[in-house]
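Reader: Please show me the sequence and the model. I would then like to ask about side-chain pairs, helix packing and backbone angles.

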Amino acid sequence: MDTEQILTQAERQIANGDTNGAERTLLTAWPDLNRAPGDAQHALAGVRIAQRRYQEAEELLRSAARAEPTSLRHQIALGHLLAGGDDHVGATEAYANAMRINPNWPGLIVDYAMACYKSGRYDEAEKAALHWIAAEPSAAAHDTLSCALRAQGKPQEALAAADDALRINPNHAGALHSRAAALLALGRHQDALSILDSLIGGGVQGPSLYLNRGKALLALKREREAAETFAEGARRYPADNELQRAASRR
């Protein structure tokens, strides 16, 4: 079999759940992975992901990217892998490399904007969100812009971006929360609380909802309710450090 046939067979085996068979196919053809083409290393990375051997998958994808530096798919796959493991700094770098190859690839600007925000690169997240809006305006794009602006201490601009999102989709939960968070930062505590109560009452969940609701109640001098909100949030989200600290201070 030639290279394309081998890769097709391995990909078919992976799709059918036969990861051991795919591994045998690939390693039989390329016993020395250092000499394997990037696509073969990428395919074996897929095997390793299915086997939950994520570190080896990362090394294979990085090797594939080095072997074929103009290949978009290796960088995007690496970004997805790192983002899935909460390595948002690494994911940002991988998506940035992919952007240098083809900034217009569908969905890439979305992944890049989100990775930038989650890695704390809020100024870059703002720029990426603006590109996203220019390419494909959506409630999610405007909401991401709102989050990036709020993180940079620009609550008035964040409120405007959240309102832009809600004009596209009035029921977008993320944008509603972003609006509440911006209002909270602007000192409009009762307005923020009304939105947060509506979201939680409607079944929307998330640690930031409880954290911001508690902050709004504190600002309104409703200390007992704030303490109950922080405690409930800490119970629901024990891994959230901010909620745990807020609950412990009450």
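**Salt bridges, packing and backbone**

Author: R179 is partly exposed, with a relative accessible area of 21%, where buried means under 20%, exposed over 50% and partly exposed in between (1.4 Å probe, protein chains only). This is a predicted model, in which local features need pLDDT of at least 70, side-chain atom pairs count only at pLDDT 80 or more, and totals for chains, interfaces and linings use all residues. Residues are numbered from 1 along each chain as its sequence is written, and side-chain values use heavy atoms, with hydrogens and water left out.

Reader: Which residue forms a salt bridge with R179?

Author: A salt bridge is a side-chain nitrogen of Lys or Arg within 4 Å of a carboxyl oxygen of Asp or Glu. For R179 the N to O distance is 2.6 Å, and the partner is D163. The pair links distant parts of the chain, 16 residues apart: R179 is in helix α11 (residues 173-185) and D163 in helix α10 (residues 155-168). Helices here are DSSP runs (H or I, at least four residues), numbered from the N terminus.

Reader: How many salt bridges does the rule give?

Author: One of them joins E225 and R222, with the closest N and O atoms 2.8 Å apart. Salt bridges that share partners also join E23, R48, R53 and E56 into one network. By the rule, the count comes to 15.

Reader: Which helices hold the salt-bridge pair R73 and D39?

Author: The side chains of R73 and D39 meet in a salt bridge at 2.9 Å, N to O. R73 is partly exposed at 39% relative accessible area, and D39 is partly exposed at 29%. The two residues are 34 apart in the chain, with R73 in helix α5 (residues 72-84) and D39 in helix α3 (residues 38-50).

Reader: Are α3 and α5 roughly parallel or roughly antiparallel?

Author: Two packed helices are described by the angle between their axes and the distance between the axes. The axes of α3 and α5 come within 11 Å and cross at roughly 20 degrees; axes are lines fitted to C-alpha atoms, for helices over the stretch in contact, and angles run from 0 to 180 degrees between N-to-C directions. Angles under 35 degrees count as roughly parallel, over 145 as roughly antiparallel, 65 to 115 as roughly perpendicular and the rest as oblique. The helices α3 and α5 are therefore roughly parallel.

Reader: Which helices do the buried residues of α3 pack against?

Author: The buried residues of α3 are G38, A40, Q41, H42, A43, L44, A45, V47 and R48. Towards α5, the residues G38, D39, H42 and I49 of α3 meet R73, H74, A77 and L81, contact being heavy atoms within 4.5 Å. The buried residues of α3 pack against α1 (3-15), α2 (19-29), α4 (54-67) and α5.

Reader: Is T229 buried or exposed?

Author: T229 lies in helix α14 (residues 223-236). Leaving aside neighbours within four places in sequence, T229 is in contact with Y210, R213, G214 and L217. With a relative accessible area of 5%, T229 is buried.

Reader: Where is D86, which has a positive phi?

Author: D86 is not a glycine, yet has a positive phi of about 65 degrees. D86 is exposed, at 60% relative accessible area. Its place is the loop between α5 and α6 (88-101).
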